[in-house]
Amino acid sequence: MSSPTTVELLWGTRQPPRRGPKPSLTLGGIVGEAIALADADGLANLSMQRLAERLGYTKMSLYRYVPSKEQLTALMLDTALGEPPEPPGDVSGAERWREALRAWALAIFERYRAHRWAMELAVGARPIGPNEMGWLEAAVTAMDGMGLTGPERLDTVVLLNGHVRSLAQQVVAGGDADLAEQILRQYTETMEAAADRYPAVKAAFAEEAARSAHPPRAGGPDDALSFGIERVLDGLAVLVARRAAENDPTAGGPAA
């Protein structure tokens, strides 16, 4: 029998053999241990040999379940992402899509932060698993009834996810400490040495330092994340409103 493809492993479409002894390992157990290993030591330190030793089996034993490390990491990514958040049940009308997309963006940020190696895997042309597809489906569905085209919905997801990934990557680079405080401290030191050359930056960071000295701040430590999400959603709301006005005969725009 040929080895399963990555798509077959992700989607569970390959039927396991019905005869023979009950397997001592499970694919889910292998992937779960691989995720724990990557969370603890980083993706660069994950190998089939180390994983086999962690599980108490030989490397060749693992290949019976997942034929390659590339397939293993595809399964790890989809498992680590998990399922998307449920759409809001207590919000209706124009605010429903906004609340749904906000919750989506904040939730996927937390998944990236919990599994820092996931962003390294979630790039390029590759097989997509059911959980990752579920995240895309949830975001696209949240924009039902807004008058956006399919490509516009997909571009919105790309824009939101791009902002989230950018902030998550900075958090990963900064470690577990408060990223905003680290950045503010570094720029403050720089401004002490070269303030006269960059007066606009100096003024902006002076205001930021004053706000930080008198908590609570409007957005807390993740203010940049929330600020960016809200501005993306603001822009989307403007587009939807403008398009509705253009297609409203009573407003003097062209009829739909």
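Good morning, colleagues. A word on conventions: residues are numbered from 1 along each chain as its sequence is written, and side-chain values use heavy atoms, with hydrogens and water left out. Because the model is predicted, local features need a pLDDT of at least 70 and side-chain atom pairs count only at pLDDT 80 or more, while totals for chains, interfaces and linings use all residues.

I begin with confidence. The pLDDT, which is the predictor's confidence in each residue from 0 to 100, averages 86 over the protein chain, and 84% of the residues score at least 70. Over residues 216–221, the pLDDT is below 50, and this stretch has eight contacts in the model beyond near neighbours in sequence. Contact here means heavy atoms within 4.5 Å.

Now the overall architecture. The protein chain has twelve helices and zero strands; these are DSSP runs numbered from the N terminus, helices being H or I with at least four residues and strands E with at least two. Of the 256 residues, 34% are buried, where buried means under 20% relative accessible area, exposed over 50%, and partly exposed in between, with a 1.4 Å probe and protein chains only. Among contacts with a separation of 6 or more, 69% join residues 24 or more positions apart.

Let us turn to helix 5, residues 69–81. Its 13 residues reach 18 Å from the first C-alpha to the last, close to the 18 Å expected at 1.5 Å a residue; the expected span is 1.5 Å times one less than the number of residues. How is helix 5 placed relative to the rest of the structure? Ten of its 13 residues are buried, so helix 5 is largely enclosed by the rest of the structure. Those buried residues include Leu 72, Leu 75 and Asp 78, and they pack against helices 1, 2, 3, 6, 7 and 8. After helix 5 comes Gly 82, with a positive phi near 65 degrees.

Another buried position is Thr 156, at 8% relative accessibility. Thr 156 belongs to helix 9, residues 150–174, and it touches Met 143 and Leu 236, leaving aside residues up to four places away in sequence.

My last topic is the salt bridges, of which the structure holds eleven. A salt bridge is a side-chain nitrogen of Lys or Arg within 4 Å of a carboxyl oxygen of Asp or Glu. In one of them, Glu 230 meets Arg 98 at 3.1 Å, N to O. Glu 230 lies in helix 12 and Arg 98 in helix 6, so this pair ties together parts that are 132 residues apart in sequence. Glu 230 is buried at 17% relative accessible area, and Arg 98 is buried at 12%.

Asp 234 is partly exposed at 28%, as is Arg 231 at 38%. Both pairs belong to a network of salt bridges that links Arg 98, Glu 99, Arg 102, Glu 230, Arg 231 and Asp 234.

Finally, Arg 126 and Glu 132 meet in a salt bridge at 2.7 Å, N to O. Arg 126 is partly exposed at 25%, whereas Glu 132 is buried at 17%.
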